[in-house]
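Please open the model in your viewer and keep the sequence panel beside it. The tour below moves from the whole chain to selected parts of it.

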Amino acid sequence: MTLLLRSSEFLKHKTGKHPERPERLTAIENLLEKSGLASKCQSVSWESLAEKELMQLHGPKQVEQIRQIAAHGGGRADPDTVICPDSFKVSLYAAGACVKAVDEVLSGRHQNALSLVRPPGHHANAVKSMGFCLFNNVALAAKRALTHHKLNKVLIVDWDVHHGNGTQDIFYEDPQVFFFSIHRYGNGFYPGTGAASETGALRGLGTNLNAPLPYGVSRKDYLSAWEKNLQKAFEFKPELVILSAGFDADHRDPVGDLGLESEDFGVLTKSIQSLANSSCKGRLVSCLEGGYSLEGLSEGVKEHLSVLLAKS
Ligand SMILES: [Zn+2]
């Protein structure tokens with residue numbers, strides 16, 4: 001069974017004229033309803049993440065900064081990252097959705113889950129919110145699996161077109177979390193990190209894997225880099241897979257564009273699903289990150305969800 005977590009609360013994170021805007025979720029919602037996919041999924045209600053749990057990962061100064069900007073009518077965490085009066089509240093609800101998805105999948109009630117949240121999270125590290133991201137949803141979800149559910153090994157896969165620098169930072173020295181990111185890299189592309197030489201440190205050495213690709217890479221080369229590195233990541237033998245699912249590598253994306261077609265997101269999902277089936281009974285929690293072409297984003301999510309449903 002596939003669990004789908006979605007809520008109109010996420011539309012309250014208002015960013016003005018900005019690529020990461022509420023219409024992204026409305027476009028996904030419309031297509032999932034029209035295609036009949038939404039009605040095939042299970043749903044669940046959830047709570048906002050408790051601040052105590054948020055602060056097990058994010059520093060008090062960072063949490064206070066976001067709270068204060070929101071409380072004072074809004075502003076920015078950095079030049080790219082807009083905060084409106086509701087953003088602090090909405091970001092706790094987004095993190096809560098990803099954590100709830102972990103609880104549900106690990107309970108065995110659902111084989112996999114898709115959390116359609118915003119704001120996204122993978123650029124936020126433990127001390128700084130940046131790149132449209134306030135708090136790191138997938139990192140908080142992984143922490144939940146390790147601390148509350150006592151798992152020993154979690155794999156985070158990030159196929160957003162941008163390097164998941166925040167997630168990498170958080171787990172760089174952590175041997176219990178393997179982080180694999182495939183992303184566009186070079187010529188100043190944001191955020192600038194994610195070289196293949198970044199492989200983890202101290203006890204986490206060897207648990208960080210980056211597949212940086214140049215702009216203009218062919219779909220064939222993208223998919224072969226994906227397959228090769230994903231296999232390597234699964235040698236970690238995870239007990240749970242968490243996915244930072246961004247759809248900004250789509251060829252229509254105004255921000256990312258790594259030339260992918262919608263159907264490619266189905267292909268990516270199939271390979272991760274098949275490896276998750278062998279490694280951890282298919283336990284996969286997918287969390288929305290980027291994707292800024294409304295058409296590319298909604299069609300990519302549709303392909304992704306179709307495969308999640310088919311295999312569960
Ligand atoms: Zn992105």
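What follows is a series of selections, each with a note on what is found there.

**The whole protein.** Begin with everything shown as a cartoon, bearing in mind that this is a predicted model. The protein has nine helices and nine strands, and its radius of gyration of 17 Å is close to the 20 Å that the globule rule gives for 312 residues, so it is as compact as a globular protein of that length. If you switch to the C-alpha trace and orient it along its principal axes, the spans are about 50 × 50 × 45 Å. Of the 312 residues, 53% count as buried, and among the contacts with a separation of 6 or more, 75% are accounted for by residues 24 or more positions apart.

**Helices H1 and H9.** Next select residues 23-34, which form H1, together with residues 294-310, which form H9. At what angle do these two helices pack? The angle is about 50°, with the axes 9 Å apart, and H1 and H9 are therefore oblique to each other; their crossing is right-handed. To see the contact itself, show the side chains of Glu23, Arg24, Ala27, Ile28, Leu31 and Leu32 on H1, and on H9 those of Leu294, Leu297, Ser298, Glu299, Val301, Lys302 and Leu305.

**Helices H7 and H8.** Now move to H7, residues 219-234, and H8, residues 262-280, whose axes come within 11 Å and cross at roughly 15°. Because the angle is under 35 degrees, H7 and H8 count as roughly parallel to each other, and the crossing is again a right-handed one. H7 contributes Arg219, Leu223, Trp226, Glu227, Leu230 and Phe234 to the contact, while H8 contributes Asp264, Val267, Leu268, Ser271, Ile272, Leu275 and Ser279. By class, this contact has eight nonpolar, two polar and three charged residues.

**Leu209.** Finally, centre the view on Leu209, which lies in strand S7, residues 208-213. Is Leu209 buried or exposed? It has 23 C-beta neighbours inside 10 Å, and therefore counts as buried. Leaving aside neighbours within four places in sequence, Leu209 is in contact with Phe180, Asn229, Lys232 and Ala233.

Conventions
Residues are numbered from 1 along each chain as its sequence is written. This is a predicted model: local features need pLDDT of at least 70, side-chain atom pairs count only at pLDDT 80 or more; totals for chains, interfaces and linings use all residues. Axes are lines fitted to C-alpha atoms, for helices over the stretch in contact, and angles run from 0 to 180 degrees between N-to-C directions. Helices (H or I, at least four residues) and strands (E, at least two) are DSSP runs, numbered from the N terminus. Angles under 35 degrees count as roughly parallel, over 145 as roughly antiparallel, 65 to 115 as roughly perpendicular and the rest as oblique. A crossing is left-handed if the near helix is turned anticlockwise from the far one by less than a right angle, and right-handed if clockwise. Two residues are in contact if their C-beta atoms, placed from the backbone, lie within 7 Å. The radius of gyration is taken over C-alpha atoms; the globule rule is 2.2 Å times the number of residues to the power 0.38. A residue is buried if 20 or more other C-beta atoms lie within 10 Å of its own, exposed if 12 or fewer, and partly exposed in between; C-beta atoms are placed from the backbone. Ala, Val, Leu, Ile, Met, Phe, Trp, Tyr, Cys and Pro count as nonpolar, Asp, Glu, Lys and Arg as charged, and the others, Gly among them, as polar.
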